[in-house]
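Hi there,

Here is the structure I promised to pass on to you. Have a look at it first, and then read my notes below.

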Amino acid sequence: MNSNNDPNYSPLRDVAQTPEATARYLADVQRVLLDIGKNLETLAHETRVHLRDTHVEGDRWYHARLRAMPVEKALGQVLKNLNNLTAGLEKSAYKRRAHDEAVVNTAKDRKEKELEKQRKKNPPVLQAAPNPPQQGAQPQNSGYSVPTSIYDLGKRESA
């Protein structure tokens, strides 16, 4: 029962329960952040132009640029962090979907592992059926005895 009067109610709880809703929400947040990023890029460019054009009497040609560099660097760091944040949102959506797929596949994988474990504990017994001697055929005796199973490979007798 989701109600705004419930003190434990969180609208994001419903979003978190399905990977599709999570992806939609994260895409909306990413879209907003990318719009903010465009505005910050414009602000950084305009700030750079203004600060580099601000000269004080007695400045050499590079002094305005040197004074502007810390501000440009700070805005550049903000833009870098914003780009990392949007990339992280995208990665989170993929990881959320992968988690649900892993949960679905876990039960199947566990059953397969259990069957494999049972096969290793109780290997199927392979019985070699002796070939009935054919009339007119000569027995093949190459001087070696034929192993009857893979466990007898080390016990071959030479001629």
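How many salt bridges does the count come to? The count comes to six, where a salt bridge is a side-chain nitrogen of Lys or Arg within 4 Å of a carboxyl oxygen of Asp or Glu.

Please keep in mind that this is a predicted model, in which local features need pLDDT of at least 70, side-chain atom pairs count only at pLDDT 80 or more, and totals for chains, interfaces and linings use all residues. Residues are numbered from 1 along each chain as its sequence is written, and side-chain values use heavy atoms, leaving out hydrogens and water.

One of the salt bridges joins Glu-20 and Arg-97 (3.5 Å, N to O). Glu-20 sits in helix α2 and Arg-97 in helix α3, 77 residues apart (helices are DSSP runs of H or I, at least four residues, numbered from the N terminus). Glu-20 is partly exposed at 40% relative accessibility, and Arg-97 is partly exposed at 36% (buried means under 20% relative accessible area, exposed over 50%, partly exposed in between, with a 1.4 Å probe and protein chains only).

Another salt bridge pairs Arg-52 with Glu-72 (2.9 Å, N to O). Arg-52 lies in α2 and Glu-72 in α3, so this pair ties together parts 20 residues apart in sequence.

A further one links Asp-59 and Arg-67 at 2.6 Å, N to O. Asp-59 is partly exposed, at 25% relative accessibility, and Arg-67 is partly exposed too, with a relative accessible area of 42%.

Enjoy exploring!

Best wishes

Notes:
Helices (H or I, at least four residues) and strands (E, at least two) are DSSP runs, numbered from the N terminus.
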